[in-house]
Amino acid sequence: MKSGESVSSRASASGDDSPQPSAAAGARESLGARVRATLLAYIALTKPRVIELLLVSTIPVMLQAQRGEVDIVLILITVVGGWMGAASANSLNMVADADIDQKMKRTQKRPLARHAVPVRNALIFGVVLAIGSFLILYFGTGGKWLPPILVMITIAFYVFVYTLILKRRTWQNVIWGGAAGCMPALVGWAAVTGNLSWQPVVLFLVVFFWTPPHTWALAMRYREDYRAAGVPMLPVIASDERVTRQMLAYTWLTVLTSFFLIPVTGWIYTAVAVLAGAWFIWCVTKLYVETRRGAEVKPLKIFLQSNEYLALLFCGLAVDAVLHLPTVASYF
């Protein structure tokens with residue numbers, strides 16, 4: 001090599017004119033991406049958006065059970081334990097539904113449907129979550145047996161009764177199977193008092209009657225998905241007019257049931273129950289009328305509005321309970 005040859009020319013000749021990422025850095029980046037994808041897949045098994053209902057119904061019920069008091073620690077423990085129970089039920093539900101999830105466009109991206117998580121791992125994950133839920137609710141509530149037992153009943157009912165029996169055999173699947181989604185109201189009350197009373201039963205029934213119009217609205221939007229998977233949801237086997245008529249009937253039952261709690265609450269809950277209830281009935285009535293006329297409808301809008309109604313009702317209950325306003329019954 002000549003003494004006058006530049007450093008840059010030597011570097012260029014050797015192919016080192018620009019920095020190259022090392023193999024180790026690339027491997028670390030790839031490993032990080034795989035870990036992140038796996039973590040997100042396990043989170044998806046729990047159906048995080050579905051668990052929002054747990055928060056909406058559990059916390060206000062606990063506040064109503066101890067009107068005027070807020071035990072943050074107990075609320076957090078109950079929510080965490082309840083979340084683990086719901087996550088367990090949802091994960092085991094995906095294990096049982098792995099075959100039909102592959103057939104439905106709406107569910108083809110779920111972890112088991114796209115083989116992001118082995119079925120065996122998902123099963124173990126669900127069982128571990130159930131055990132963790134039981135332990136947290138038992139010890140976290142001071143040794144109360146009722147809350148964790150209610151959660152175990154919920155998991156068993158959701159997986160074995162709803163998913164494996166009702167869902168694939170009858171159009172009434174969401175009517176009776178919806179009972180699993182109502183249980184947080186009972187769990188929240190039991191975590192505070194150690195027992196049950198008529199008040200959480202009323203709230204249980206509110207969610208019970210609310211579930212069919214909420215779910216059927218979604219099923220109307222994804223009717224062909226359910227038909228392809230062989231799931232006999234009501235919109236699959238009945239006309240839109242019949243479906244919306246049933247939705248309207250259950251909406252009335254939902255709103256009227258919410259009124260039974262008025263005597264033991266204040267004016268805030270009363271106002272919300274009446275106004276939000278009237279709005280919800282109007283929304284579903286409008287859908288029914290438009291369906292009868294043969295107009296083009298957007299059932300998914302009712303699905304979202306039903307969520308808004310339930311959130312308004314339970315938030316109204318929470319505020320009313322925290323402020324500990326005089327109950328309606330106290331004026332008489």
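Modeller: Before we start, residues count from 1 along each chain as its sequence is written, and side-chain values use heavy atoms, with hydrogens and water left out. As this is a predicted model, local features need pLDDT of at least 70 and side-chain atom pairs count only at pLDDT 80 or more, while totals for chains, interfaces and linings use all residues.

Biologist: Okay, let's begin with helix H4. How far apart are its end C-alpha atoms?

Modeller: Helices here are DSSP runs (H or I, at least four residues), numbered from the N terminus. The expected span is 1.5 Å times one less than the number of residues. H4 covers residues 72-96, and its 25 residues should span 36 Å; that agrees with the distance between its end C-alpha atoms, 36 Å.

Biologist: And how many residues of H4 are buried?

Modeller: Buried means under 20% relative accessible area, exposed means over 50%, and partly exposed is in between (1.4 Å probe, protein chains only). H4 is largely enclosed by the rest of the structure, because the buried residues among its 25 number 18.

Biologist: Let's turn to the rings. What kind of pair do Phe208 and Phe209 make?

Modeller: Rings of Phe, Tyr and Trp (its six-membered ring) pair if their centres lie within 6.5 Å; planes under 30 degrees apart are stacked, over 60 edge-to-face, and the rest tilted. The structure holds 12 aromatic pairs. For Phe208 and Phe209, the centres are 5.6 Å apart and the planes sit at 70°, so the pair is edge-to-face.

Biologist: Which helices hold Trp216 and Tyr250?

Modeller: These two rings also pair edge-to-face, because their centres are 5.8 Å apart and their planes are at 80°. The pair links distant parts of the chain, 34 residues apart. Trp216 is in H10 (residues 198-221) and Tyr250 is in H13 (residues 240-258).

Biologist: Are Trp216 and Tyr250 buried or exposed?

Modeller: Both belong to a cluster linked by ring pairs, along with Trp171, Trp176, Phe204, Phe208 and Phe209. Phe208 and Phe209 are buried. As for Trp216 and Tyr250, each of them is buried.

Biologist: Which ring does Arg221 lie over?

Modeller: A charge sits over a ring if NZ of Lys or CZ of Arg is within 6 Å of the ring centre and within 35 degrees of the ring normal. Arg106 lies over the face of Tyr222, at 5.5 Å from the ring centre. Arg221, at 4.8 Å from the ring centre, lies over the face of Tyr222.

Biologist: Now the salt bridges. How many does a search of the whole structure find?

Modeller: A salt bridge is a side-chain nitrogen of Lys or Arg within 4 Å of a carboxyl oxygen of Asp or Glu. One example joins Asp101 and Arg110, with the closest N and O atoms 3.2 Å apart, and both residues are buried. Asp97, Asp99, Lys167 and Arg168 are linked in a network of salt bridges. For the whole structure, the number of salt bridges found is 10.

Biologist: How far apart in sequence are the parts that Asp240 and Arg223 tie together?

Modeller: Asp240 forms a salt bridge with Arg223, the closest N and O atoms being 2.3 Å apart. Asp240 is partly exposed at 28% relative accessible area, whereas Arg223 is buried at 18%. Asp240 lies in H13 and Arg223 in H11 (residues 223-229), so the parts they tie together are apart in sequence by 17 residues.

Biologist: Staying in H11, what separates Arg227 and Glu224?

Modeller: Arg227 and Glu224 form a salt bridge, with their closest N and O atoms 2.6 Å apart. Arg227 is partly exposed at 38% relative accessibility, while Glu224 is exposed at 51%. They are three residues apart in H11, so what separates them is about one helical turn.

Biologist: Last one: where is Val187, and is it buried or exposed?

Modeller: Val187 lies in H9 (residues 179-193). With a relative accessibility of 5%, Val187 counts as buried.

Methods: Helix = DSSP H or I, 4+ residues; strand = E, 2+ residues; numbered from the N terminus.
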